[in-house]
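Hi there,

Here is the structure I promised to pass on. Have a look at it first, and my notes follow below.

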Amino acid sequence: GMPECLWPEVPLREIASEIKDGTHGTHPRTQRGVPFLSAKNISTSGRVEWSENNGDDYISESEYLSIIRGFSPQMDDLLITVVGSLGRTALFSGEKVAFQRSVAFIRPNKRIFPGYLLQASNDCRFLRQMERRSNATAQAGLYLGELAKIRIPLPPYDNQRRIAEILSTVDEAIKHTDALIAKTRQIKAGMMHDLFTRGVTPDGQLRPPFEEAPQLYKESPLGWIPNEWQYVLLDKLALRGSGHTPNRNVSSFWHGGIKWVSLADSHRLDKLYISKTEYEISKDGIDNSSAVLHPAGIVLISRDAGVGKSAITTTAMAVSQHFMCWRCGEKLDNYFLYYWLQHYKRLFENIAVGTTIQTIGLPFFKKLKIGGPVEIEEQQLIGSALKTSDIKLFRLHDELGKLKRLKAGLMHDLLSGAVPIKIGDESGAIE
């Protein structure tokens, strides 16, 4: 179970000189002026965010002045969302903005270090108390009187500061990794666009774009493609297959060690490889149904729920009837095909939209044409460039997962006082 907290636990009203909420939402809006923010403007990463073009509200300067005459937020007030999605927090850093009722302010008094209050309010024990005290209406909300009763562990001030330092270091690493993921995604998207329109020459360089060298390109239904490319039926380059669901009432058809891809695996797709499946069928199940055991390395695509999601199998697998799959011949690289399907995912989604149950029928796949290099070497260069980018993304996602687990463990240990920390030696003198 949870170790008992070693620090005294005090209600927020004892460490706050003010607990207020924002103003009512009926202030007249203007085109420009002072941003008038609500809970949606407090991000999950602990920042106050708004943008001119996000449909955000503005109020006039004079309206703003009349609001802050009553109460104006100060630097280091804790902002906390109290309506809708509860408990997103940020420390106020002095922006010129007004807040609506869905945001509350907690002004720390001398007993609490603001950075520590921020960390303590992100702890799962704090959030659980918020949920318990909120009114169970359609849109959960928390009254300020209830907010004031929420308890937090209160170590000595120097410990608070040290705990905040340690945890905010991990927060910085998390933010940094998030930013790297966003940047890598953006680079990958740009690269994907270039590779599927210009392709690469044998030395691994992109061909000059059509605008610079139109003589290198020819017209196709996909737009301009390099002269060395073809636009052909996918069925010419790969063996298409599908699958089936063995009878669920016959237990000997199931749990027999043969991986079987079904709609339950939707969350495992679009991550390059699929190696695990939710369900397994048996040899008996394959022999007594239209299910087929496909070899490793097939490229599969969902034609139902999560339409257009794809993956490459790492071992022999069967699939349900909700999937189409291809076994690539020597004229088609399976990584190239996977990324081609990824690149044209929008197309598959749009096809499915026309039908009531969003699904893509067999005739579509029989007629599906693919545009790409005739030479397998060029396909491989394209596939491996994108694979390198993906592997970098997977590594960053792992890193992020590790940091988040580290943060959760540290919060648990430091906020309960279960793990003692040294004060003063690494930060030099204590004031």
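Leaving aside its neighbours within four places in sequence, which residues is F348 in contact with? This is a predicted model, and in it F348 touches I301, V307, G308, L341, I360, F364, F365 and L368.

F348 is among the residues with the most contacts inside the largest nonpolar core, together with W326, F365 and I370. This core has 35 residues, and helix 8, which covers residues 334-343, gives the most to it, with seven residues. Apart from it lies another core, made up of 30 residues, including I19, V82, I106 and A148.

Now for the chain as a whole. Its secondary structure comes to 11 helices and 21 strands. The radius of gyration is 28 Å, whereas the globule rule gives 22 Å for 431 residues, so the chain is more spread out than a compact globule.

Of the 431 residues, 44% count as buried.

Finally, the surface and the charges. The accessible surface is about 22,000 Å², and carbon and sulfur atoms account for 54% of that. The chain carries 53 positive and 49 negative charges, and their mean positions lie 4 Å apart.

Technical notes. Residues numbered from 1 in each chain as written. Predicted model: local features only at pLDDT ≥ 70, side-chain atom pairs only at ≥ 80, totals over all residues. Heavy atoms only, no water. Core = buried A, V, L, I, M, F, W, Y, C linked by side-chain atoms within 4.5 Å. Buried < 20%, exposed > 50% of the residue type's maximum accessible area, 1.4 Å probe, protein only. Helix = DSSP H or I, 4+ residues; strand = E, 2+ residues; numbered from the N terminus. Contact = heavy atoms within 4.5 Å. Rg over C-alpha atoms; globule rule 2.2 N^0.38 Å. Areas by Shrake-Rupley, 256 points an atom, 1.4 Å probe, with all protein chains shown as cover. Lys, Arg positive; Asp, Glu negative; His and termini not counted. Charge placed at Lys NZ, Arg CZ, Asp CG, Glu CD.
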